[in-house]
Amino acid sequence: MFKSLMIITKKELRRVFTDKRLVITSFILPMLSIALIYSMMGYMIQRSQDDLDSHVTRVIGSGVPLAIMDMMDTDDSIEFITGNFDRNTAEQLILDETYDYYLYFDPGFEAKLTAFESGQLPLIEGAYSPKSDQSINANYKMRALLENYRQTVLAERIGDASYLRVYDLATAGIEIPAQNQGIDRGIANLVPMLVSIFIFAGAMSIGMDSIAGEKERGTIATMLLTPVDRGVIIGGKVISLSIVALISMISSFIGVLISIPFSLNFLSASGVFEMSQMSLGGTDFLMFFISMIGLVGMYVTIISVLSMIANSLKEAGAYITPAYMVIMIAGFMNMFGSGTVNPMNYYVPIYNNLINMQQVLLGDGNFGKVMISFTTSAAVTIILLGISRKLMHNEKVMFPS
Amino acid sequence: MIQISNLKKTFKLSKKQMIANGDKVNFKTAVNNISFQVNDNEIFGLLGPNGAGKTTTLRCLATLIEPTEGSINVNGFEGSSQGESVRRELAFLTNELKLDTHFTPEYTTRFFGRLHDMPENLIDERMKILFDYFGVTSFRHTKISDLSTGMKQKLSIVVSLIHDPNVIIFDEPTNGLDIITARAVTDYLQLLKDKGKTVIISTHMMHVAERLCDRIAIIMDGEIKAIGTIDEIYSLTGQDNLDDAFFKLYDNSGGGYNV
């Protein structure tokens, strides 16, 4: 049985690795497209940030006190344009993106400030365009500047600025022991989802062709005439598909790594990631690998069952696409989930492996939980393999016409 | 030797098929109570129109599908319980079975030889004999996708025979072949018979059946209408050629045709 299993596995792998088109579409294209897309996304985000950083905010206003004009004058990133703008004209100029921000001060603002009557506070109005990133950024800048001005006015009013300070606040992240440091939280949240999607995508196209395609072309029926158990035939296909899915996933991951110099601004929470800073050990990698294998087994058998039921490649595509969506949803749920994990989630197939991968990357991996999830995954895989074997014996499935 | 006893095969019909049939019956009997025996050193022909039940009978025999009733015995192995042993004994060739066009004839033949648990040296030996006989040697390293229909058909025959089976079942063996290759195939079947093998062919080409078969069974509507040697069929129908004998039986069974 083992010999036949290996013969079929080798044939399936040969089918993939000697087909230039399959090698390109399954291993090279995902790597290149991911590297390109992520790099471009990172580059565009960086460019947009650089644009904002280098942009000189153009502010127009009426009745602006001298002190505020001085403050704007000292900030190289702000240019104040004096003039008599009424509100409507100013708003139109901001919407046209001629200027970024409009400041309006009550007539006699400074006199009211000095007189200070409780309940009759002078008004400052600001206007920006929510459609323009530069105008939104101008709003942040001006709020910070006006806050500084407020502090100055308060200090003058009270006479001693130190009265405004009521306590000193010192907060710091607790130092995490080296073995629990893990990697950047943003990457730890993202990687399990990417791994999951890459594995499924890698197995999907080849799995569909290897089973539904062979059924459609009549080549699988030829194998049924050999003295090999039908379970062994599907077993060989599942093993080869698992290998292909893993290689495809690794290729996609290389694509992510290639893109890192450009894509860190959206992949990482801190925006900094260096391989040397990774504090994951051998056990962490082992736990990550076990979780990944759990996913591979389930995904490949899900694809196998759905491809078996289908009578054509087209039909298989229609059956597998919803499964792909479920996989993506599970990935997003894990990515955006809160920190606390319900212990029952470690028994939920697919999701449990994603949680474990995330925990491992954060330096909080637990071997017991990884094994619980792996056992659940193995059970699902075995059940799906059993279903595949049963389907191989089903005449309506194998010989639908 | 092959022994088929009271073979019956029914297929469940989908609602769509029931509507198409205009019938409320949710199953179709493809083969009903078929029994025959094929001996070693014999070529047996299954003749019948399309949809008569020939392919279903052969599929049951090859253990691709399970009979609803009845039994199949191939060289002492029961089809229902010893499927793997039955498949080890036989070669089954039909147009529905295809070879992966990505591989070469050499790799494909070797692959199937390995699945039949043959040692490598025996595979080489058998491959040489069959490749030489069917003229596959010249394109043994060409991708199957680049071969002509005839070449593919020859290769299918080679692949089915690689394990030197004792029972050979060929469904329309000369379909798609040129006259020379068709002759090579029928001659080879004769050769296999002379070696003591059991051969079953299904064909609609009466001259092939007349020339090749020791005995034939004419099957219509899932039932055997006549079985015996060619001469026995002639005397049963009062005709002197297989074409007329076939149509006599066809007319008797209520069949008709429009021109």
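In what order do the strands of the open sheet of six strands in chain B stand, and with what pairing? The order is β6-β7-β8-β3-β9-β10 of chain B, and the pairing is mixed, where two strands pair if DSSP finds at least two bridges between them.

## Model and confidence

This is a predicted model, in which local features need pLDDT of at least 70 and side-chain atom pairs count only at pLDDT 80 or more, while totals for chains, interfaces and linings use all residues. Residues are numbered from 1 along each chain as its sequence is written, and chains are lettered from A and ligands numbered from 1 in the order in which they are written.

The pLDDT is the predictor's confidence in each residue, from 0 to 100; chain B averages 88, and 98% of its residues score at least 70. Within chain B, confidence is lowest in helix α1 (residues 15–21), with a mean of 76, and highest in helix α4 (residues 105–115), at 96. For the complex, the predictor gives an ipTM of 0.87 and a pTM of 0.81.

Helices (H or I, at least four residues) and strands (E, at least two) are DSSP runs, numbered from the N terminus. Strands β7 (residues 167–171) and β8 (residues 198–203) of chain B run parallel and are joined by five bridges; the bridge partner of F170(B) in β8(B) is I201(B).

Helix α9 (residues 230–237) of chain B lies across β9 (215–220) and β10 of chain B, running at about 120° to β10(B). Helix α10 (residues 242–252) of chain B packs on the sheet, where it touches β3 (42–47), β9 and β10 of chain B, and its direction makes about 30° with that of β9(B). Axes are lines fitted to C-alpha atoms, for helices over the stretch in contact, and angles run from 0 to 180 degrees between N-to-C directions; two residues are in contact if their C-beta atoms, placed from the backbone, lie within 7 Å.

## The four-stranded sheet of chain B

Chain B also has an open sheet of four strands, in the order β2-β1-β4-β5 and with antiparallel pairing. Strand β1 (residues 2–12) of chain B is joined by five bridges to the antiparallel strand β4 (residues 69–74) of chain B, and I4(B) stands opposite I72(B) in β4(B). Helix α2 (residues 54–61) of chain B packs on this sheet, touching β1, β2 and β4 of chain B, with its direction at about 115° to that of β1(B).

## Helix packing in chain A

Helices α2 (residues 20–54) and α7 (residues 185–217) of chain A pack at an angle of about 160°, with their axes 10 Å apart. That makes α2(A) roughly antiparallel to α7(A), a description used for angles over 145 degrees. Their contact is made by L22(A), T25(A) and S26(A) of α2(A) and G202(A), S205(A) and I206(A) of α7(A).

The axes of helices α11 (residues 313–335) and α12 (residues 351–361) of chain A come within 10 Å and cross at roughly 40°. The residues in contact include M333(A) of α11(A) and L354(A) of α12(A).

## Contact between the chains

The contact takes 18 residues from chain A and 18 residues from chain B. On the side of chain A that touches chain B, the elements that give two or more residues are α1 (2–17) and α8 (219–224) of chain A.

Note on methods:
Parallel < 35°, antiparallel > 145°, perpendicular 65-115°, else oblique.
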